Protein chains: 2
Amino acid sequence: MDGAVSKRIVVNDTLNAFCKDTDAYLEGAPNGPLSGLTFAAKDIYDVAGHVTGGGNPDWKRTHGPATKTSWIVRVLVEAGATMVGKTHTDELTRGIAGENVHYGTPVNPRAPGRVPGGSSSGSASAVAGGLVDFALGSDTGGSVRIPASFCGLYGLRPTHNRIVLDGIMYQAPGYDTIGWFTRDAETFARVGEVALQTTIGGALPSRIVIAEDAFEVADPRVSKALRPAVEKVTSLIGPSRSERLSPNGLDEWSHQQQVLQGREAWETAGEWIEKTNPRFSFEVSLRYMSARGLSAQDVEEAKATRKTILARMSEVLKDGTVVCLPTAPVPAPLTGRRLSVRQAIGRDLTKLTCIAGTLSAPQINLPLAELDGLPVGLSLLGPRGSDEMLIATARKLAASG
Amino acid sequence: MDGAVSKRIVVNDTLNAFCKDTDAYLEGAPNGPLSGLTFAAKDIYDVAGHVTGGGNPDWKRTHGPATKTSWIVRVLVEAGATMVGKTHTDELTRGIAGENVHYGTPVNPRAPGRVPGGSSSGSASAVAGGLVDFALGSDTGGSVRIPASFCGLYGLRPTHNRIVLDGIMYQAPGYDTIGWFTRDAETFARVGEVALQTTIGGALPSRIVIAEDAFEVADPRVSKALRPAVEKVTSLIGPSRSERLSPNGLDEWSHQQQVLQGREAWETAGEWIEKTNPRFSFEVSLRYMSARGLSAQDVEEAKATRKTILARMSEVLKDGTVVCLPTAPVPAPLTGRRLSVRQAIGRDLTKLTCIAGTLSAPQINLPLAELDGLPVGLSLLGPRGSDEMLIATARKLAASG
């Protein structure tokens, strides 16, 4: 302690990325590995003394202040990073567009007039707009990967439970993961070493599978725009082959994920919804209602499908293999689209994001391409526990220019 | 014109009955049959220059001011009644409890801590609390009859299209009707002569059917509390008999009504919902989502059931016969009940309210009983066009003390 009074960092939020109704702020410890960095936390992370809002005013109204700060936030602050505020999220993290009907849509600085992606919308917006150095999101069904792709950021869905799910608002605990965004791979790795309590070394995947059926889900122009990035990745890693992951199509894969994640989401929030009759956007109510209406047979069938996916993918991901796929089938859609259009986009997105969720496996978005000036992300998906390898690959690719 | 400046009547709304975000006000013409009376209009009636809010902030936000005043409001004002304001409604009239998650629950002055009933919640509250002499509601699936029963008021669902549906927010035009509330039968008839453009004479029904299956839907304590009122009605009218209306139970009857009304409700609001993704309570979204999910077969089956109901009831209602039934199976429920409880209550309510809606027939609530100090209403349901006869019966019963 040298007696200096530290000055509170005030962000000029021109992007509607930050929650206006909380002043949660935690100054980073001095001389840590993350000292000098600022970050924002999606408003699902508890900060002692502040109500976690979860993107819904009725959630906020019916909950008291958190009594302790979530593990990941504490670890980052202890490592020197300063948390400057909390960021908007889709309601109860149930969305992939980032359009919150209560708090508005954070700006996508890389694609004006288009959605930032969700549910970690404010975090992605804040990082992409340079308001903070990094930001915490969470990824249950795609909520880090999608906004990373739409906003042109690095973003990781880690191995499930790799980062302890302490002090966060759950959506579906069997699928919830803690992830983060940065603009560059170096910072990404630097945060990763703290968040994952690890060292990011130089080990790279030994082979790569290009997921044909995943590329077929994407808009052909997206697949084409990603081609140079795919070539860059394959030339870095070496042995590659093209393969279809799903014998019966990715529709079946995303369906089982929606059933099993949906069931958990209803188990998590259903009691509160039944009691509170909260204000949701119609779209969010639709999601919960589908989940509420699931039968035991739906769940059993989904579990059976999941088993076949796990078997199939453990075959694909053996011996240091990673899978390469588009993160999202489209660039960021325009804001304010019709519900039916939004639902169609959502269905396609889920076909690509469901794989990592089902496997509890890590997936990183690499912001290596553009289509008509809009970011489109390429993903690498590895076996459980390969988080370091994915981050190392991202860093190596970035370093190679 | 005598040059006198008339003074604007200001209501001290201690009941959260009135909309705070509109100052719609129309002074009654001098020397009309309704001069000296004040009234309020549910916020689904257009008043030129004001936005009709329909109980939902996103509806209000996405619509401009009305260009003309609805027919019924003009007729009442021209007849001398002064419209002092607009009252709360369930969102888009899709509710029967009167608990609006955006604007709060109007107080039920006759049953503190309990719901006023809906969707014409503010109108019933304002009349029951003596804030106005009468108030306009609307009744699509029970939205006048239910709050009349819960708040101890006279209330009519008129013959469908008997009052022209001009300048109102539709829920389901094939079922929407314009009704009103008063505390006493005299004022009820006085307003009725203007609203229905008619004379309320002395003609009474010639016989009465006690709907056994409807009384079986009601809580036995409600049926018991209504017995003296039933006796009073039967002794006034004369020949009575008990009968089951529905050969297969009222469940089947309410189901077809929910399907056909729901389909119309989705046809009416669906495009706006798809485009706007509005904030609704979860419960209201549930209603619209069920409607959205209806198949052509659901609709065909409901239409077939409706045909059998129409045939059955034209048999029952012949030769000046009216049907006597409980308006609601329970007194006003407590506010803030769980969704599953609310839905169960709603299902029972609909078994009783569906009959008039299906027949396009009039039904009047008579506030003639109490259970544990809470109002419970008795209904008379007559054939199409028997509105005057029902009102005359209410007046005669009241006069007989």
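In chain A, the C-alpha centres of domain 1 and domain 2 lie 18 Å apart. Domain 1 of chain A covers residues 38-195 and domain 2 of chain A covers 207-399, with bounds that come from an automatic or database domain assignment. What you see here is a predicted model, in which local features need pLDDT of at least 70 and side-chain atom pairs count only at pLDDT 80 or more, while totals for chains, interfaces and linings use all residues. Residues are numbered from 1 along each chain as its sequence is written, and chains are lettered from A and ligands numbered from 1 in the order in which they are written.

Let us look at where the two domains of chain A meet. The contact takes 52 residues from domain 1 of chain A and 48 residues from domain 2 of chain A; two residues are in contact if their C-beta atoms, placed from the backbone, lie within 7 Å. On the domain 1 side, helix 1 (57-61), helix 4 (145-151), strand 4 (154-157) and helix 5 (185-195) of chain A each supply at least two residues. Helix 4 of chain A gives the most to that side, with 6 residues. Helices (H or I, at least four residues) and strands (E, at least two) are DSSP runs, numbered from the N terminus.

Now turn to chain B and its helix 2 (residues 71-78), whose buried residues are Ile72(B), Val73(B), Leu76(B) and Val77(B). A residue is buried if 20 or more other C-beta atoms lie within 10 Å of its own, with C-beta atoms placed from the backbone. These four cover an arc of only 130° around the axis, which puts them on the same side of helix 2 of chain B; the arc is that of the directions from the helix axis to the C-beta atoms. They pack against strand 1 (38-42), strand 2 (82-87), strand 3 (134-139), strand 5 (177-182) and helix 5 (185-195) of chain B. Just after helix 2 of chain B, Gly80(B) takes a positive phi of about 110°.

Strand 2 of chain B is mostly covered, with 6 of its 6 residues buried. Strand 2 of chain B pairs with strand 1 of chain B in the parallel sense over 5 bridges, where pairing requires that DSSP finds at least two bridges between the strands. Within strand 2 of chain B, Gly85(B) is the bridge partner of Ala40(B).

Terms used: A residue is buried if 20 or more other C-beta atoms lie within 10 Å of its own, exposed if 12 or fewer, and partly exposed in between; C-beta atoms are placed from the backbone.
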